[in-house]
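Hello,

Here is the structure I promised to pass on to you. Please have a look at it first, and then read on for my notes.

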Amino acid sequence: MKPSVVTIEPNGHFCSDCAVRDFAVCSSLDPAELREFEHLGRRVHFAASGTAFSEEDITTSFYNVLEGVMRLYKLLPDGRRQIVGFALPGDFLGMNVSGRHNFSADAIVAVTACQFAKAAFGRFIEARPHLLRRINELAIRELSHARDHMVLLGRRSADEKIAAFLLGWRERLFSLKGSSDTVPLPMSRQDIADYLGLTIETVSRTFTKLERRGVIEIIHGGISLLDPAQVEALAAA
């Protein structure tokens with residue numbers, strides 16, 4: 001599948017004004033390096049459901065998400081989909097060892113990202129060990145998320161999976177939006193099911209059950225945690 005870019009803006013955006021710079025891959029760069037770095041990338045926009053790259057595509061570009069949310073997934077041999085993560089602003093996508101993408105990345109809502117050509121980005125980081133350290137930090141964070149996901153897919157009940165997902169998603173949103181007991185869910189119930197290894201019916205029933213128990217409230221576009229302590233207890237079970 002070819003990338004479905006809606007629009008491409010020219011090079012030369014001002015990285016110093018970027019809203020996600022403080023927690024993105026470029027946070028380690030000094031002002032002079034930023035001026036050089038901002039000419040390496042171009043800003044690209046993906047409409048909802050647009051594809052940035054597909055599993056097994058040859059890697060030609062890396063992406064730093066600026067706005068929106070992306071689903072990261074693999075297709076199993078029988079056609080089922082396993083979502084392996086969700087990318088938020090500040091996440092850096094596309095780096096791999098094999099030279100081919102090991103998962104697909106689609107936009108859940110409209111996404112804006114900085115796109116960097118693989119070769120040019122590689123040359124830029126060669127003489128900048130501080131940028132390599134930052135990339136390693138992001139890779140370690142991604143590994144930690146992957147391990148948490150493995151635990152989540154293990155022998156846990158649907159209630160426990162949903163609770164852990166809501167708390168984990170709220171924690172990830174904290175750096176972007178601050179603390180809140182309202183948890184926006186831009187992804188669909190099917191996305192959540194494919195992430196947690198559940199059916200969409202189980203996800204919907206579990207949300208309804210937790211709402212009837214007064215633990216959460218289902219609101220437009222998300223969930224409100226009415227009893228965060230009980231959600232935390234479920235997640236820790």
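Below is what turned up, starting with a sheet and ending with a pair of helices.

One thing to keep in mind as you read: this is a predicted model.

**The sheet**

Four strands make up an open sheet, and their order across it is β3-β8-β5-β6, with antiparallel pairing. The edge positions belong to β3 (51–53) and β6 (81–87); each has a single partner strand, so one side of each is left without a neighbour in the sheet. From one strand to the next, the twist averages 30°.

**Around β8**

Strand β8 covers residues 104–107 and pairs with β3 in the antiparallel sense, over two bridges. Within that pairing, T51 has D106 of β8 as its bridge partner, and F53 lies opposite A105. Strand β5 (residues 70–75) also pairs with β8 in the antiparallel sense, here over four bridges. In this pairing the residue opposite A105 is L72.

Which way do the residues of β8 point? S104 and D106 point one way, while A105 and A107 point the other way. In a regular strand, side chains alternate between the two faces of the sheet. Are these four residues of β8 buried or exposed? S104, D106, A105 and A107 are all buried.

**An aspartate in α5**

D191 sits in helix α5, which spans residues 189–196. Its relative accessibility is 3%, and D191 therefore counts as buried, the cut-off being under 20%. What does D191 touch, leaving aside residues up to four places away in sequence? The contacts are R71, R81, I83, F86 and I108.

**Two packed helices**

Two packed helices are described by the angle between their axes and the distance between the axes. For helix α4 (residues 158–177) and helix α7 (residues 228–235), the angle is about 115° and the axes are 7 Å apart. The crossing of α4 past α7 is left-handed. On the α4 side, the contact involves D159, E160, A163, A164, L167 and R170; on the α7 side, V231, E232, L234 and A235. Sorted by type, the residues of this contact comprise six nonpolar and four charged, with no polar ones.

Terms used
Residues numbered from 1 in each chain as written. Predicted model: local features only at pLDDT ≥ 70, side-chain atom pairs only at ≥ 80, totals over all residues. Heavy atoms only, no water. Pairing = 2+ DSSP bridges. Axes fitted to C-alpha atoms, helices over the stretch in contact; angles between N-to-C directions. Left-handed = near helix turned anticlockwise from the far one by under 90°. Contact = heavy atoms within 4.5 Å. Nonpolar A, V, L, I, M, F, W, Y, C, P; charged D, E, K, R; others polar. Buried < 20%, exposed > 50% of the residue type's maximum accessible area, 1.4 Å probe, protein only.
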